[in-house]
Amino acid sequence: MDFRNLIAELKRRNVFRVATAYAIAGWLIIQICATTFPFLNLPEWLITAVIIFVLIGFPLSILFAWAFELTPEGIKKSQEVDITESVTTRTGKKLNGIIITVLSMAVIFLLVERVFFAEAAFIENQSELADIETASIAVLPFVDMSAGQDQEYFSDGLSEELLNALAKVEDMKVAGRTSSFKFKGKNENLKLIGDELNVAHILEGSVRKSGNRIRITAQLIKVDDGFHLWSETFDRELTTSNIFDIQEEISRTVLRELKVRLLDEDNAELDNVPTQDIEAYQAYLRANSFIAERNIDKINLAIDLYKNALSLDPTFSEAYARLAIAYNLQGYYGNVPFDQIQDQVKENAEKALSINKNEANAHAALGLYYSNTFEADKAIEKYEKSIELNPNNPDVYNWLSIAYQEKGNLKGSNEAFKKMYAVDPLAPLSIYNRASVYFYEGEYDDALALFQKNIDDNPEFALTYAGLSVLKALPPFGQLDESFKYSTTARAYGRDSRALGILLVRAIDLQLEDLADHYFDQLKNQYGSSYEYISYIPYYSIFKKDYTYLQKDMFEYIDENDLTIPLFPFYISLLHYGNTTGDYDRVLKEFKKFEPGFFEEDIPKLDVRNFSHARLLADAYKDMGNNERATQLYSAHCNALEANKDELDLGEDGEAYLVEKYICLINQEKYEEALPYFERVFLELNRKLAAWYLFETLPTEVYEIDGYQKVIDEINSELDQQRINVIEFLKEEGDWIEEWKEEN
């Protein structure tokens, strides 16, 4: 056989062109299937089947090109076509065009696959290279595709652990759990999800568990164009080491695709395997899912599950840390003695840190312990350490903000709330806190709009109604009746202790004594062992001018727990207690615990946290007849007010400054100078909170000056109407008892 003639005939019959076109088209089909089938959750054997069919088709296409020819009359056997009538040259040109077209498609696919699907996809311009902080991602809850649909806690737990691993990476913005899990079970457009969460990438996937086998499919998606940067399926036998190997592999691949630089400590975090016991890990995941609901019954179940996990693996540091936080939540949402909670919180947090000094949740739990014992500086230190280890935990920003409030650092508090919202923008608590910041910054319309959004999106989140209740009572609204109604809604949705406390204060502000007695009795009977009850004793004691509960319950409580109470109403109630009982030794003892510097010969420099307390102690000294010390403290209060006015909400235009300013001037007996500030507080800012008390404590000399009585009469007239509104509301709801007096 003459091979040269054979090759010439193969060329003439376009066999080489057909082989080339088929090879390129076949490769392109295989690549497209391999890329898209995992995203469609199609079984892996389909990709294998496509490859087999393409391979089988290759020799068939060559045989077909040799044996047949495409003529103007249709397909004919090559041997039946006279060589003088053959159109293979024309067919060859067509095949050249097909090859060029298919080759172009392959090049385009390679560009898409390499540019949009591979590592370089994230680096679209130099600004992204320069600004690593643009790396942002949300981990959506993995879908449970198990036959029995009974692995939801496992798939959720896997998602949360991946989220936690990514969250520990420096400069990576990771959407919080609550926001990401908001889309659970919803087939939302990924671009819309990215916009709502303010992230550029989304990690999603599925879990299919059968016996000891597990299949996890994960895919990383670029939000703005919907392209898949990476996807992979993990088919393994399930063991503790395997599940963490898979988690680490997914995390590292995602980080590589996003071009985020991993530091040594980041590697250490990703290498960390929390437990070697799969049953302990599963109990831990179930507990985490219960804790997220913030329901006292679920919290109690979670505590039992964490204990179970720790009985299986006593070295499980994360379980100790979460257990510590669960105990704190049990005290916050339930009715557990304060000392018992603190012992458990501290003990479990310290156990976690003894195993792993870099356990972020353990540092946060110790922060909660110090917050609960009113050691704000230590609490802030622990919260900041937790954030350093994991900058994407929204809960810690919330706790840090509260600690800043206790220190009087309102700007720091607001910034922490803003960071919480940035991390977890769809979480109802994040929305609530961000709305509160808007309010404190004077952006009232934005605050109310965000509160309304929270009601629309999370209608059963009781804290929104409790928050609205507080804010509606504050300037510039001063709507105590609306505040009261929101508190009843909060109570209906389960925020009982907080709502009861607000209802008690509203009843006091509106001078409804029988109603106040009713709510105080409920608070004591239902939550008598809680700090919630203790914190409202001062309000009730001042209103009733009865210091029995202060003397018995509150003093006993703080003595047993060796606490310092930084609550402003507590120190006001102390003044009245001392004035009524003559027991000024107790008054001075409590002030000395809280602010020992007030008792030094030269009073130290005051700040926003304590300057208002200085004038309360001055009141006590004045009642005791020590006018020299009282004058010294009054002067220190006024000087600190001016020195720190820019640190107060809204500065000189805010309620905090204006109230303290008129009190400062009245204490200096500058009644004429105080009047404009007094008018601004009650008429311009529409303050109603504790108006009865502020009016009651004015010195008699002010009534000799035109203007004070006019303000008092106007405010009292508005309070009368609001009192009527509340009574009518309670009667409509069937909650008013006819024997109750309709005013004090």
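**Exercise 1. Find the buried residues of helix α24, and say what they pack against.**

Solution. Start with the list: Glu-513, Asp-514, Leu-515, Ala-516, Asp-517, Tyr-519, Phe-520, Gln-522, Leu-523 and Tyr-527 are the buried residues of α24. Buried here means under 20% relative accessible area, exposed means over 50%, and partly exposed lies in between (1.4 Å probe, protein chains only). Helices are DSSP runs of H or I with at least four residues, numbered from the N terminus.

A word on the model before going on: it is predicted, so local features need pLDDT of at least 70 and side-chain atom pairs count only at pLDDT 80 or more, while totals for chains, interfaces and linings use all residues. Residues are numbered from 1 along each chain as its sequence is written, and side-chain values use heavy atoms, with hydrogens and water left out.

Next, look at the partners. The buried residues of α24 pack against α22, α23 (496–509), α25 (531–544), α26 (548–560) and α34. Contact means heavy atoms within 4.5 Å.

**Exercise 2. Which residues have the most contacts inside the largest nonpolar core?**

Solution. A nonpolar core is a set of buried Ala, Val, Leu, Ile, Met, Phe, Trp, Tyr and Cys residues joined through side-chain atoms within 4.5 Å. The largest one has 114 residues, and Leu-504, Tyr-519, Phe-570, Tyr-662, Phe-678, Phe-682 and Tyr-708 have the most contacts inside it. Helix α34 (residues 708–733) gives the largest share of this core, nine residues.

Now zoom in on Phe-682. Leaving aside neighbours within four places in sequence, Phe-682 is in contact with Tyr-662, Arg-687, Ala-691, Leu-694, Phe-695, Val-711 and Ile-715. Apart from this core lies another, of 75 residues, with Ala-326, Tyr-370, Tyr-383 and Tyr-397 among them.

**Exercise 3. Is Lys-593 buried, partly exposed or exposed, and which residue is its salt-bridge partner?**

Solution. A salt bridge is a side-chain nitrogen of Lys or Arg within 4 Å of a carboxyl oxygen of Asp or Glu. By this rule there are 33 salt bridges. Lys-593 pairs with Glu-590, with the closest N and O atoms 3.7 Å apart.

These two residues are three apart in helix α28 (residues 584–594), so about one helical turn separates them. Lys-593 counts as partly exposed because its relative accessibility is 30%, whereas Glu-590 counts as buried at 1%. The pair also belongs to a network of salt bridges that links Asp-559, Arg-586, Glu-590 and Lys-593.

**Exercise 4. Where in the chain do Glu-642 and Lys-661 lie?**

Solution. Their side chains meet in a salt bridge (2.9 Å, N to O). The pair links distant parts of the chain: Glu-642 is in helix α30 (residues 627–643) and Lys-661 is in helix α31, 19 residues apart. Glu-642 is partly exposed, at 29% relative accessible area, and Lys-661 is buried, at 15%.
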